[in-house]
Amino acid sequence: MTHQNKSIEQSENIAQINRNNRSFINNSIFDNDNKLLCIQCNKHSKQNYINKYSNKIKCKECTKQIEIPI
């Protein structure tokens, strides 16, 4: 695999992660009061998104958009 193909694949993976995070945020309620456990990083945090449909919890840090330099 060439370096260019790896870069394209990495960009596609990051774009998919960002889409998944946006979708999770759009289908969630933000909770700033309770200290809850994040399903992604397994840390307790007070700033969380709670999914309306699955009740899964992700912290604010895990839902940040990933940016890569061009």
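Me: Which residue in β5 does Tyr49 stand opposite?
Reply: This is a predicted model, in which local features need pLDDT of at least 70, side-chain atom pairs count only at pLDDT 80 or more, and totals for chains, interfaces and linings use all residues. Strands are DSSP runs of E with at least two residues, numbered from the N terminus, and in β5 the residue opposite Tyr49 is Lys58.

Me: Which residue is the bridge partner of Phe30 in β4?
Reply: Strand β4 covers residues 48-51 and is joined to β1 by four bridges, with the two running antiparallel. Along this pairing Asp31 has Asn48 as its bridge partner, and the partner of Phe30 is Tyr49.

Me: What is the order of the strands in the open sheet?
Reply: Two strands count as paired if DSSP finds at least two bridges between them, and β4 and β5 are joined antiparallel by three. The edge strands, each pairing on one side only, are β1 (28-31) and β5 (57-59). The three strands, with antiparallel pairing, therefore stand in the order β1-β4-β5.

Me: How many degrees does the twist average from one strand to the next?
Reply: Angles are taken between the N-to-C directions of lines fitted to C-alpha atoms, and they run from 0 to 180 degrees. From one strand to the next, the average twist is 25 degrees.

Me: Which residue takes a positive phi in the hairpin of β4 and β5?
Reply: Five residues lie between the strands of this hairpin. The one with a positive phi, near 60 degrees, is Asn55.

Definitions and conventions: Residues numbered from 1 in each chain as written. Heavy atoms only, no water.
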